[in-house]
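Visitor: I would like to learn how to read a structure like this one, step by step. Where should we begin?

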Amino acid sequence: MSFQSPDDAYPYQLPKWAEGKLTNVPPHGRLHLANLPTPIHKVRTATSGNKILSRLNELNISIYFKRDDATGGVELGGNKVRKLEFLLADALAKECDAVVTIGGEQSNHCRATAAASRMVGLSPHLILRTQRADAVHDQTESLGFTGNVLFDRMVGSTIYTCTAGEYGRLGSNKLVQEVCNYLIKSKTHNQPYPIGVGGSNGVGSFGYINGVDELMNQLQSFQEASPDFGLDHIVFATGSGGTAAGISLGISLAYGKLGNAHPASRGKDMPNIHACGVCDTPDYFYNTMADIAKEMGIALEESKVLEFVRDSVTVHQGKGKGYGFSTNEELDFITQFSLSTGIALDPVYSGKALYHFLTNVLEEDPEAYRNSNILFWHTGGALGIYEKGNDLSQTLESMSPVTRIDIYGKKAGESNVVDLS
Ligand SMILES: Cc1ncc(COP(=O)(O)O)c(C=O)c1O
């Protein structure tokens, strides 16, 4: 046995069920960055006091979590590292010396990209979209050291800021390309590798083809003991579309929609795939997924790709107050969920998506979900909770009381003291 180095690329073998169906397989293979396979946990729903989980229990719904929040340590964890295994293998094969990517101020994607880049010897350059761009520039505010930004900075990322308006005007791809050009022109780097928002393209999304193969193999093992077991629904958050493209194309192919199937799908109906959009519109996501499917070389006539995508997945509008904004109900759901299950969801993606699915989508027709097995693909993002600390403080103070221990008997009579003297 030998220990692998993260920058040792190895060939990627497309699963049998996808052979000939996705023809643009990344030629440079993948890296070892993620802890795979991620486990699947059954979540406790028989829990009193949690209205939403009790409701699942009442409907006899079992909910399973595919723990992609556990793909890595705090720097790499979440869904992005599956994409980065392919993207950074491509960057190394092309002899790049830096990576440029883009996202929101608390972007999980930027944080994971920065850490993974350092792991394989590339310099991370991050463009962060923030309304505070001018204030940070004028030094009336600081970008700070919280959540994802803390880790961006701990790996020495070079950070560029822009406002949402500037981001909208130029577009994220153009901004990334312009920073790459600037790095070359200024002789800072010879060959920066551009990664578009979320790493959602035809290379990165193979990470979730691989993820679906992993899930199907786990189902196959589970079915050896419980042959009747099948998944009825798969639910996850979508933000830039790459995870959704990989999961929905992967599941459709693994259940034999275009031919070969994975053995675990035999005799089973394909689960319904639900992508909960945390920004943009469902149409935007259908079109983005179709574009990614084409980039991946899906074996369909171009005019049929969008229809294939629409048949594979339902995109729900789950953005609530808008990208990055939370309602009190969403935040309550996240705290009640961690209180009942011990699992941390995030306010921007996983928590918002699951909240929206369980309270709106499922409640539109609860009987359609009775006696079903739902898999929630937990895509990580817990560092995003740091930003909501102030909004959560009142709830957390009452959920998690703090009491002074008094071992000398010096605080007798004071309130909020446990007397152990
Ligand atoms: C925690 C988390 N979940 C889900 C997503 C959405 O994934 P995608 O961008 O592939 O749609 C993201 C994207 O940033 C994320 O950070």
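Guide: We begin with a definition: a residue is called buried under 20% relative accessible area, exposed over 50%, and partly exposed in between, using a 1.4 Å probe and protein chains only. Helices (H or I, at least four residues) and strands (E, at least two) are DSSP runs, numbered from the N terminus. This is a predicted model, in which local features need pLDDT of at least 70 and side-chain atom pairs count only at pLDDT 80 or more, while totals for chains, interfaces and linings use all residues. Residues are numbered from 1 along each chain as its sequence is written, and side-chain values use heavy atoms, with hydrogens and water left out.

Visitor: How many of the 15 residues of helix 13 are buried?

Guide: Helix 13 is mostly covered, with 11 of its 15 residues buried, among them Y355, H356 and F357. The expected span of a helix is 1.5 Å times one less than its number of residues, so helix 13 should span 21 Å, and this agrees with the 20 Å between its end C-alpha atoms. A bend at a residue is the angle between axes fitted to the seven residues ending there and the seven starting there, and in helix 13 this bend is about 35 degrees at F357.

Visitor: How does one describe a pair of aromatic rings?

Guide: Such a pair is described by the distance of the centres and the angle of the planes. Rings of Phe, Tyr and Trp (its six-membered ring) pair if their centres lie within 6.5 Å, and planes under 30 degrees apart count as stacked, over 60 as edge-to-face and the rest as tilted. A search of the whole structure finds 13 aromatic pairs. One of them joins F333 and F337, which are tilted at 45 degrees between the planes and lie 5.6 Å apart, centre to centre. These two are separated by about one helical turn, because they are 4 residues apart in helix 12 (residues 328-341). F333 counts as buried at 4% relative accessibility, and F337 counts as buried at 1%. Another pair, F357 and Y369, is edge-to-face, with 85 degrees between the planes and 5.7 Å centre to centre. F357 lies in helix 13 (residues 350-364) and Y369 in the loop between helix 13 and strand 10 (373-378), so this pair ties together parts that are 12 residues apart in sequence.

Visitor: Which residues form one aromatic cluster?

Guide: The cluster is formed by F65, F333, F337, Y355 and F376.

Visitor: Where does H378 lie, and what does its side chain reach?

Guide: H378 lies in strand 10 and is buried, with a relative accessible area of 1%. A polar contact is a pair of N or O atoms within 3.5 Å; within protein, one must be able to donate a hydrogen and the other to accept it, and residues adjacent in sequence count only if both atoms are side-chain atoms. The side chain of H378 reaches the backbone nitrogen of G380 at 3.0 Å. Contact in general means heavy atoms within 4.5 Å, and, leaving aside neighbours within four places in sequence, H378 is in contact with several residues, including F65, D68 and S350.

Visitor: Is E141 buried or partly exposed?

Guide: E141 is partly exposed, with a relative accessible area of 36%, and is found in the loop between helix 4 (133-137) and helix 5 (148-154). The side chain of E141 makes a polar contact with the side chain of R132 at 3.0 Å.
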